[in-house]
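Please keep the structure at hand while reading.

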Amino acid sequence: MSTVSTEVVKTYSDYGRPLWRRILFTREMAIVVLLIVVLVVASIQLPRFATAITVTNLLLDVTPILLISLTMAPVMITGDIDLSVGSMVGLSSVVVGLLTHSGWSIPSAGLVAILVGAVGGMVNGLLVTRFGLPALAVTIGTLALYRGMAIGLLGTTAITGFDRTWTQLAKSKIGDTGIPSVMILFLILLAIFVVLLHFTSFGRGVYAIGLSKDAAAFSGIHVARTRVILFILSGAMSALAGVFYTLRFTTARGDNATGLELAVIAAVVLGGVSVFGGRGALHGVVAGVLLIGALSNALRLAGVTSDVINIITGVLLVLSVIAGSLMQWIQSRRVRPVTTTASA
Amino acid sequence: MDNPQSTPVLELVGVSKSFGSVVALRTADLALHGGSIHALVGENGAGKSTLVKIMAGLYHRDSGTMDIDGHVVNFKTTAEAKAAGIAVIYQEPTLFPDLSVTENVFMGRQPLGKFRRIDRAAMRAEVVRLLAGLGVRIDPDRPADGLSIADQQIIEIAKAISLDARVLIMDEPTAALSGVEVERLFAVARSLRDQGRALLFISHRFDEVFDLCDTITVMRDGSYISTSPIATTSVAEIVRLMVGREVTTLFPKTVVPIGEPVLEVTSLTRPGVFSDVSFSVRAGEIVALAGLVGAGRSEVARAIFGVDPYTSGAVTVHGKRLPAHSTTAAMSAGIALVPEDRRRQGLVMNSTVSTNVTDAVRRNIDKLGFISKRQENAFAQSWARKLEVKTAALDSTAGTLSGGNQQKVVLAKWLASSPKVLIIDEPTRGIDVGTKAEVHRMMCELAGGGMAILMISSELPEVLGMADRVLVMHEGRLTADIPRATATPETVMFAATHAPEEVA
């Protein structure tokens with residue numbers, strides 16, 4: 001250690017705002033509160049909403065989005081984006097279908113599919129980091145590429161007739177709660193990603209990269225390696241979602257989950273992840289996915305047509321982004337005078 | 001050529017400009033006459049660029065007057081300056097790479113034909129005429145992309161002439177040019193002078209200044225020092241005027257025992273950036289790397305630290321060779337780099353103070369890869385105290401701190417990694433005098449503790465006041481290694497402005 005003299009012993013407070021304000025006044029908490037409001041209102045107004053069958057369908061519907069959002073969030077926090085996730089779901093579905101059709105068991109076919117996803121993600125990551133291409137352009141390309149491969153491999157036919165033990169498991173519930181068993185898998189993955197993103201050095205690096213790639217590189221953070229790892233995880237997670245998708249609908253098709261990438265990105269952005277990188281937290285992301293899911297489910301039950309549901313969720317997304325910038329603006333105005341007087 | 005009796009085309013008197021509490025210009029005077037090439041010289045930070053930006057309409061002066069042909073002008077935009085006949089040719093022109101030479105010259109003011117359609121034929125004919133007038137051969141139809149810097153400057157000049165600019169300001173135009181290109185530029189400059197235009201030539205190269213210009217103005221510390229005809233002055237005289245001030249003994253330099261070499265750099269080369277750079281820094285030694293902006297000093301530092309690659313040569317710490325282009329290897333060997341650009345490279349501005357302090361050492365303080373906010377805060381707490389960072393709380397964003405306190409956060413971040421070698425690029429740029437002295441005192445204490453320090457600085461007093469040894473770079477090469485005893489403003493400035501063969 002160096003020998004810097006210390007005569008003044010001043011203690012800095014760790015936080016500028018009290019705990020309750022730090023927890024309550026966040027973008028993420030606003031989405032959580034909105035989710036609770038939607039759930040409560042829908043339960044009171046719609047007798048069919050708070051039933052086991054609705055809970056099951058709602059959660060099964062959003063499971064692929066929930067899974068992929070776990071990796072989309074960190075990818076977007078570094079300032080990248082992965083648009084190829086929906087296509088990867090389709091490709092993974094086709095791989096599982098073809099392998100089981102030729103006699104493979106579901107677990108081994110699923111593992112191969114996840115491996116394919118990881119490789120696809122690595123291709124994205126290397127193109128982005130090695131050649132300095134924007135992730136948006138690269139993954140628009142692989143969006144078409146992976147979808148093309150999926151449809152090329154299987155044509156327009158569909159493979160059905162999977163092992164019933166596995167298709168039943170995908171739809172099974174925990175007791176009479178109506179909560180699908182696949183939620184257990186999701187919660188385990190959620191726990192892993194929460195720790196990875198919020199409680200490891202790796203996670204701190206993810207945020208630093210999103211805020212300033214230069215400063216991150218000057219701090220000895222492996223910028224390229226971190227970004228590639230996240231793309232690999234994104235591909236693998238999409239493939240896992242593809243396996244689930246196939247089993248749930250007992251159908252492997254090349255065009256499975258077309259357009260899913262936009263649903264994922266919309267939910268992640270709603271959950272408070274900045275498209276410019278550097279900002280976001282997983283509780284907000286999960287709340288964002290569930291909010292869109294619950295809202296559209298409730299509106300459907302209320303007899304609202306799907307085009308109107310799209311309009312409503314679209315408006316919600318735009319409003320949330322505006323509200324986010326507005327809050328940041330208000331905060332920047334409030335914080336500045338305090339710190340200048342403190343440092344003057 | 002110069003006719004002091006005539007009314008100057010452009011005259012500035014007592015111009016000042018401050019940015020917040022930083023005074024960039026105190027009292028700048030400058031008078032440019034038609035048919036004259038006027039040189040403007042001064043150290044880095046003397047205020048030359050600020051003055052140029054005021055003339056170009058980029059900045060608005062705080063006080064003083066600016067006259068064109070005896071009439072006061074107040075430019076609010078660069079367009080107004082252009083309309084008044086002032087054109088600036090920058091060191092690195094900004095052309096549209098995908099557009100043709102012709103389109104670049106007429107960007108934003110294309111001649112229109114019938115039905116407001118762009119008259120391409122007229123446009124091309126005019127460019128051919130302009131380029132012929134300048135005596136240069138550049139294909140008017142080729143895209144600007146791939147043109148040499150010299151050609152790009154010629155196109156900027158053509159643009160200026162097509163606007164009928166009467167004042168041409170060239171801000172270090174020769175810095176990136178080869179000998180032949182410089183000659184061509186000078187030929188163009190002389191023909192423009194003979195047309196009666198006023199030229200301002202900013203350069204650090206005295207041979208060029210004395211070759212091309214007829215009048216020279218010296219600036220120092222944001223103030224006007226002198227203007228004299230080139231014929232009646234000398235390089236030595238100009239250097240003395242540029243450096244001027246006595247180097248004060250503000251610096252708390254302490255004598256400490258110098259130990260074994262810690263950092264050794266041998267024949268480090270990155271083509272086009274720096275070549276054959278060799279030096280060593282010993283334990284307890286503060287070595288300054290001086291030179292002009294753009295001499296390649298920061299690039300050498302970045303290569304040593306592994307942020308940038310190098311093609312040949314070696315970096316060793318305590319005799320152990322480091323792999324090229326690996327920041328992690330450099331860090332684990334005990335090198336720390338406090339970068340030049342605090343806001344972009346040193347700190348994550350939108351991140352908190354505590355995150356910034358721990359950014360470089362997180363792998364050392366985490367437990368099996370896991371880290372909590374509490375660990376980070378505890379660690380940041382102790383370092384913020386050691387450096388007396390002034391912040392409201394540890395979760396204040398770094399961007400809200402003052403420049404001096406931001407620099408303390410960067411220092412904390414790197415001192416926390418207990419380095420053996422500290423590379424510190426412009427340690428006191430843009431920070432107030434009080435913090436400056438603190439940073440200097442801290443550097444001496446660190447050297448006293450046996451740290452090897454390589455300090456890059458563009459401030460001569462700092463270089464002379466702090467360093468045990470001064471290395472000088474000029475255009476990517478080391479041109480001098482001057483021990484403290486013989487280092488003077490003159491010896492350092494001379495080495496910084498001259499090619500190595502002239503020194504040897």
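## Charged and polar pairs across the interface

Across the interface of chain B and chain A, the rule finds two salt bridges, in what is a predicted model. One of the two salt bridges joins B:Arg344 to A:Asp214, with 2.7 Å between the closest N and O atoms. Between the two chains, 15 residue pairs are counted in polar contact, both residues being at pLDDT 80 or more.

## Elements and extent of the interface

On the side of chain B that touches chain A, the elements giving two or more residues are helices of chain B, including H9 (297-305), H11 (342-346), H15 (403-415) and H16 (433-448). H14(B) gives the most to this side, with eight residues, and the residues of this side divide into 21 nonpolar, 13 polar and 16 charged.

In terms of contact, 50 residues of chain B meet 37 residues of chain A. The area buried between chain B and chain A is about 3900 Å², and carbon and sulfur atoms give 55% of that area.

## Nonpolar cores

The largest nonpolar core has 142 residues, and those with the most contacts inside it are B:Leu263, B:Phe279, B:Ile304 and B:Ile335. Helix H5 (residues 149-162) of chain B gives the most to this core, with seven residues.

When neighbours within four places in sequence are left aside, B:Phe279 is in contact with B:Leu263, B:Glu264, B:Val265, B:Val300, B:Ile304, B:Leu454, B:Leu471 and B:Leu478.

Note on methods:
Residues numbered from 1 in each chain as written. Chains lettered and ligands numbered in written order. Predicted model: local features only at pLDDT ≥ 70, side-chain atom pairs only at ≥ 80, totals over all residues. Heavy atoms only, no water. Contact = heavy atoms within 4.5 Å. Buried area = accessible area lost by both parts, 1.4 Å probe. Salt bridge = Lys/Arg side-chain N within 4 Å of Asp/Glu carboxyl O. Polar contact = N/O pair within 3.5 Å; in protein donor to acceptor, adjacent residues only side chain to side chain. Helix = DSSP H or I, 4+ residues; strand = E, 2+ residues; numbered from the N terminus. Nonpolar A, V, L, I, M, F, W, Y, C, P; charged D, E, K, R; others polar. Core = buried A, V, L, I, M, F, W, Y, C linked by side-chain atoms within 4.5 Å. Buried < 20%, exposed > 50% of the residue type's maximum accessible area, 1.4 Å probe, protein only.
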